[in-house]
Amino acid sequence: MMWIFLLSDTFIFGCFLLSYMTARMSTTVPWPNPSEVFALTIAGHHIPLILIAIMTFVLISSSGTMAMAVNFGYRRDRVKTAILMLVTAAFGAMFVGMQAFEWTKLIMEGVRPWGNPWGAEQFGASFFMITGFHGTHVTIGVIFLLIIARKVWRGDFDRERRGFFTSRKGNYEIVEITGLYWHFVDLVWVFIFAFFYLW
Amino acid sequence: MAEVALQSVQVPAKSHAEGQQHPIKLYLVVWGWLFVLSTASYLVDYFQVQGYLRWFLILLFMILKAGLIVAIFMHMAWERLAMAYAILVPPVFVLVFAIMMVFESDYTLLSRMIFFGGGQ
């Protein structure tokens, strides 16, 4: 079922990126240069796109810890699975925090869904919609991770305790399902990073 | 006889349904590659590679990263082929849609330049 959901979500993000492509290709005004828009000045050095690069590494690291959590879940290693899931959730929360920082910075600089100081008006609308939806997905993923990590920690899947909404016996498969969702969020970021920030 | 032999092979595999058992090293290696590929795509921007080479490199690194995540982290490489096709083929239609929208936006751009004179 998770795969079916992810497929439908693929189409949602696919359509967002398509509408962004259409807006960018059809505007007569030059598109703002993302390399400059997302540059930061750290310790006197002007570094292009650095925050986005750090966010990418954070999300990839969270995918790595999640993959290992799934692996330990299959080995029925309760403690390691829970700890790795919590680390994943922490990376996810860090990502959302940096995104909040990025949004704040851009809003302070005058980026709005209907306009911005540097060029094509559609930039703001595309940016807020695509990264906003992605950030929401990450946030939901963090909540999902915390809930499942708690269940793993409590030993629900060793004792086959029944779930809250279902009469089925709990088992470690849910860790893999959580992992699928989380890797998908990372996957979407790969495409956003390529098409929105680097293009 | 062959069926019996086949079953005796499959039964333990099924009762041992603890799913994917891969060495941790595999995940660490993939993780490392994802870092390398991300760094590479960042460097494309850092050194301001432009033109077709930029687009080619961005797409190349993107596809490699996406492939690694789907195949290894999401375990698609060990899924049944039917499942892999069921999930991987439908997104191809997004590409078809993309091609359609390229024509559409070229047309919009052309009409905007002709009727609003924005492009001059």
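Which does Gln48(B) count as, buried or exposed? With 9 C-beta neighbours inside 10 Å, Gln48(B) counts as exposed; a residue is exposed if 12 or fewer other C-beta atoms lie within 10 Å of its own, buried if 20 or more do, and partly exposed in between, with C-beta atoms placed from the backbone. The views below come from a predicted model, in which local features need pLDDT of at least 70, side-chain atom pairs count only at pLDDT 80 or more, and totals for chains, interfaces and linings use all residues. Residues are numbered from 1 along each chain as its sequence is written, while chains are lettered from A and ligands numbered from 1 in the order in which they are written.

**View 1. The two chains, element by element.**
Let's start with the whole picture. Chain A has six helices and two strands, arranged along the sequence as α-α-β-β-α-α-α-α. Chain B has five helices and zero strands, in the order α-α-α-α-α. Helices (H or I, at least four residues) and strands (E, at least two) are DSSP runs, numbered from the N terminus. The C-alpha trace of chain A spans about 60 × 40 × 20 Å along its principal axes. Buried residues account for 37% of the 199 residues in chain A and for 12% of the 120 residues in chain B. Of the contacts in chain A between residues at least 6 apart in sequence, 69% link residues at least 24 apart; a contact here is a pair of residues whose C-beta atoms, placed from the backbone, lie within 7 Å.

**View 2. Where chain A touches chain B.**
Here 34 residues of chain A are in contact with 42 residues of chain B. On the chain A side, H1, H3 and H6 are the elements that give two or more residues. That side has 21 nonpolar, eleven polar and two charged residues, where Ala, Val, Leu, Ile, Met, Phe, Trp, Tyr, Cys and Pro count as nonpolar, Asp, Glu, Lys and Arg as charged, and the others, Gly among them, as polar.

**View 3. The largest nonpolar core.**
A nonpolar core is a set of buried Ala, Val, Leu, Ile, Met, Phe, Trp, Tyr and Cys residues joined through C-beta atoms within 7 Å. The largest has 62 residues, and Ala69(A), Met85(A) and Phe193(A) touch the most other members. At least two residues each come from H1 (2–26), H3 (50–74), H4 (78–108), H5 (122–154) and H6 (173–198) of chain A, together with H2 (24–46) and H3 (51–73) of chain B. H6(A) gives the most, with 15 residues. Zoom in on Ala69(A) and, leaving out residues up to four places away in sequence, you will find Thr81(A), Leu84(A), Met85(A), Thr88(A), Val175(A) and Gly179(A) touching Ala69(A).

**View 4. H3(A) against H6(A).**
These two helices pack at an angle of about 160°, with their axes 9 Å apart. Axes are lines fitted to C-alpha atoms, for helices over the stretch in contact, and angles run from 0 to 180 degrees between N-to-C directions. H3(A) is therefore roughly antiparallel to H6(A): angles over 145 degrees count as roughly antiparallel, under 35 as roughly parallel, 65 to 115 as roughly perpendicular and the rest as oblique. H3(A) passes H6(A) in a left-handed crossing, meaning that the near helix is turned anticlockwise from the far one by less than a right angle, whereas clockwise would be right-handed. On H3(A), the contact residues include Ile52(A), Leu59(A), Met66(A) and Ala69(A); on H6(A), Trp182(A), His183(A), Trp189(A) and Phe193(A) are among them. By class, the contact of H3(A) with H6(A) has twelve nonpolar, five polar and two charged residues.

The axes of H3(A) and H2(B) come within 10 Å and cross at roughly 170°, so the two helices are roughly antiparallel to each other. Residues including Ala53(A), Phe57(A), Ile60(A) and Met68(A) of H3(A) meet residues including Tyr27(B), Trp31(B), Phe35(B) and Tyr42(B) of H2(B). The contact of H3(A) with H2(B) divides into eleven nonpolar, four polar and no charged residues. Tyr42(B) is buried, with 22 other C-beta atoms within 10 Å. Apart from neighbours within four places in sequence, Tyr42(B) is in contact with Leu49(A) and Ala53(A).

**View 5. Two loop residues of chain B with positive phi.**
Most residues other than glycine have a negative phi, and most peptide bonds are trans. Gln48(B), though not a glycine, has a positive phi of about 50° and sits in the loop between H2 and H3 of chain B. His75(B) also has a positive phi, near 65°, and lies in the loop between H3 and H4 (81–88) of chain B. His75(B) is partly exposed, with 18 other C-beta atoms within 10 Å.

How values were computed:
Two residues are in contact if their C-beta atoms, placed from the backbone, lie within 7 Å.
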